[in-house]
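Subject: Structure for you to look at

Hello,

Here is the structure I promised you. Please open it next to this email and follow along.

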Amino acid sequence: MYYPYIKRLLDFILSLTGILVLSPVIILIVIILLFVNKGKPFFLQSRPGKKGELFKIIKFKTMSDLKSNQEKDVHNVARITKTGAFIRKYSLDEILQLINVLKGDMSLIGPRPLLIEYLPLYNNIQKRRHDVRPGITGWAQIKGRNAISWNQKFEYDVWYVDNIGCMLDIKILFLTIKKVIKKEGINTNQNITMTAWKGNK
């Protein structure tokens, strides 16, 4: 009963409420990033959602644009701007994904949407992370976020798919708030990003 109907209704109500409540913060960050990023406050990228269907994820832009010699180095920490590092430190770059939740591309809770190029690399079990809508936060995030291995992250994602429920979502939501406040589980040396996944080989 909870999934998918009540979960989707709560996603809609909570994301709309979140956007309205956080609108002053969103406007302030947009204004700051307009100056810092030379008129480019937003980062848009295609990501796989439920059943692998693509959608455009929206975040605040925290990294400088790729140069021609950086095409194979998308995770380079040097690309994170000083303002972007602060925004990432407090997970403010994720706020705009409430728009994706409102639209139905994402859920508040679920496996994080990853890069399109990872799609052919999943094994049959790992593919099951796409049986539900991706989330802003999820079981893998409260279990370690960027500080755990890719395989462990996928195991947590699939476990969530198999155990999805109201009480679990509430637990993940409150533990996420706790981790954001304490800045736990981020693999950081000035907020270094997660290394690229190379598959199961």
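The largest cavity is lined by Tyr-3, Pro-4, Lys-7, Arg-8, Asp-11, Ser-107, Val-132 and Arg-133. A cavity is a set of points, on a 1 Å grid over the protein atoms alone, where a 1.4 Å probe fits but cannot get out; lining residues have an atom within 4 Å of a point. The volume of the largest cavity is about 50 Å³. The structure holds 1 cavity of 30 Å³ or more. Volume here is the space filled by probe spheres set on the points, with grid points joined across faces, edges and corners.

The lining has 3 nonpolar, 1 polar and 4 charged residues. Ala, Val, Leu, Ile, Met, Phe, Trp, Tyr, Cys and Pro count as nonpolar; Asp, Glu, Lys and Arg count as charged; the others, Gly among them, count as polar. Helix H1 (residues 2-36) gives the most to this lining, with 5 residues. Pro-4 sits in H1, and a cis peptide bond with omega of about 5° joins Tyr-3 to Pro-4.

Before you go further, note that this is a predicted model: local features need pLDDT of at least 70, side-chain atom pairs count only at pLDDT 80 or more, and totals for chains, interfaces and linings use all residues. Residues are numbered from 1 along each chain as its sequence is written, and side-chain values use heavy atoms, with hydrogens and water left out.

How confident is the predictor? pLDDT is its confidence in each residue, from 0 to 100. The chain has a mean pLDDT of 88, and 88% of its residues reach 70 or more. Over residues 186-192, pLDDT stays under 50. Where pLDDT is low, the predicted coordinates should not be read in detail.

Now the overall layout. The chain has 6 helices and 4 strands. Along the sequence, the pattern is α-β-β-α-α-β-β-α-α-α. Helices (H or I, at least four residues) and strands (E, at least two) are DSSP runs, numbered from the N terminus. Of the 201 residues in the chain, 45% are buried. Buried means under 20% relative accessible area, exposed over 50%, and partly exposed in between (1.4 Å probe, protein chains only).

Next, the cores. A nonpolar core is a set of buried Ala, Val, Leu, Ile, Met, Phe, Trp, Tyr and Cys residues joined through side-chain atoms within 4.5 Å. The largest one has 23 residues, and Phe-60 and Ile-172 touch the most other members. H1 gives the most to this core, with 5 residues. Apart from it lies another core of 7 residues, including Leu-114, Leu-115, Tyr-122 and Trp-197.

Take a look at Tyr-122. This residue lies in the loop between E3 and strand E4 (135-137). Is Tyr-122 buried or exposed? Tyr-122 counts as buried because its relative accessibility is 5%. Leaving out residues up to four places away in sequence, Tyr-122 touches Leu-114, Lys-127, Arg-129, His-130, Phe-154, Trp-197 and Asn-200. Contact means heavy atoms within 4.5 Å.

Finally, two lysines. Lys-38 is in the loop between H1 and strand E1 (42-48). Its phi is near 55°, a positive value in a residue other than glycine. Lys-38 counts as exposed, at 77% relative accessibility. Lys-51 is in the loop between E1 and E2. Phi of Lys-51 is near 60°, again positive in a residue other than glycine. Lys-51 is exposed, with a relative accessible area of 68%.

Best wishes

Terms used:
pLDDT is the predictor's confidence in each residue, from 0 to 100. On a 1 Å grid over the protein atoms alone, a cavity is a set of points where a 1.4 Å probe fits but cannot get out, and a pocket is an open set with protein on both sides within 12 Å along at least five of seven lines; lining residues have an atom within 4 Å of a point.
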